[in-house]
Amino acid sequence: MKGLDGMIRLSKWRLDEARKELAAAQNAVDQIDQGLANLQAALDKESGFAGESLAGFSFGPYAAASFAQRAKLQEQRAKADAERADKEEVVRAAFQELKKFEILAERQLEQAKFDAKKRDAAALDELGLQRHARNQD
């Protein structure tokens with residue numbers, strides 16, 4: 001059981017580390033999403049100024065650059081999503097490993113309790129038989 005406790009602790013540590021990595025991956029996705037939202041807000045704001053005299057001349061190149069930046073951010077988002085999915089799988093596997101050891105420890109504890117009850121019952125039976133034998137004499 002002592003070795004199993006060590007395995008449980010190790011599994012918990014691995015799960016915690018995997019969860020930290022998943023949180024970092026999710027944070028990266030969130031930052032990219034925020035960048036996309038900011039880019040879209042700036043593009044919407046600038047398109048409002050495009051109708052004005054001098055601002056309209058520079059909107060075309062600005063919009064093209066914004067579209068290129070959005071495409072780059074969307075590509076980064078796809079990569080970050082894939083990494084996050086990989087981290088989720090690592091967390092899932094670490095959790096399954098932890099549960100496997102916890103269930104094994106629980107079964108060992110139940111077996112130890114059962115064995116102890118069985119020994120106690122056998123000892124009581126033996127005492128009863130000895131008492132009965134003494135009363136017979």
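Trainee: Which residues does the UniProt annotation "coiled-coil region" cover?

Mentor: According to the UniProt record, an unreviewed entry, that annotation covers residues 8–42; the positions are given in the numbering used here, feature names are shortened, and annotations may be inferred rather than shown by experiment. What we are looking at is a predicted model, in which local features need pLDDT of at least 70 and side-chain atom pairs count only at pLDDT 80 or more, while totals for chains, interfaces and linings use all residues. Residues are numbered from 1 along each chain as its sequence is written, and side-chain values use heavy atoms, with hydrogens and water left out.

Trainee: What makes up residues 8–42 in the model, helix or strand?

Mentor: Over residues 8–42 the chain is 100% helix and 0% strand, with the end C-alpha atoms 51 Å apart. Helices (H or I, at least four residues) and strands (E, at least two) are DSSP runs, numbered from the N terminus, and by that rule the chain comes to two helices and zero strands.

Trainee: Why is Ser11 called buried?

Mentor: Buried means under 20% relative accessible area, exposed means over 50%, and partly exposed lies in between (1.4 Å probe, protein chains only). Ser11, which is found in helix H1, has a relative accessible area of 1%, so Ser11 is buried. If neighbours within four places in sequence are left aside, Ser11 is in contact (heavy atoms within 4.5 Å) with Glu97, Leu98 and Phe101.

Trainee: How do you know that Ser66 is buried?

Mentor: Ser66 belongs to helix H2, and its relative accessible area is 4%, so by the cut-off it counts as buried. Not counting residues up to four places away in sequence, Ser66 touches Leu39 and Leu43.

Trainee: Why is Glu75 called partly exposed?

Mentor: Glu75, in helix H2, has a relative accessible area of 48%, and therefore falls in the partly exposed class. The C-alpha atoms of Glu75 and Ile32 are separated by 10.0 Å, although these residues are 43 apart along the chain. Ala71 is also found in helix H2, and with 41% it is likewise partly exposed; from Ala71 to Leu36 the C-alpha distance is 9.5 Å, across 35 residues of sequence.

Trainee: What makes up the largest nonpolar core?

Mentor: A nonpolar core is a set of buried Ala, Val, Leu, Ile, Met, Phe, Trp, Tyr and Cys residues joined through side-chain atoms within 4.5 Å. The largest one here has nine residues, namely Leu4, Ile8, Leu15, Ala18, Val91, Ala94, Leu98, Phe101 and Ala105. A second, separate core of six residues includes Ile32, Leu39, Leu73 and Ala80.

Trainee: Which residues is Leu15 in contact with, leaving aside its neighbours within four places in sequence?

Mentor: Those residues are Val91, Ala94, Phe95 and Leu98.

Trainee: How do you know that Lys100 lies over the face of Phe101?

Mentor: A charge sits over a ring if NZ of Lys or CZ of Arg is within 6 Å of the ring centre and within 35 degrees of the ring normal. Lys100 lies over the face of Phe101, at 5.3 Å from the ring centre.

Trainee: What percentage of the residues of the chain count as buried?

Mentor: Of the 137 residues, 15% count as buried.
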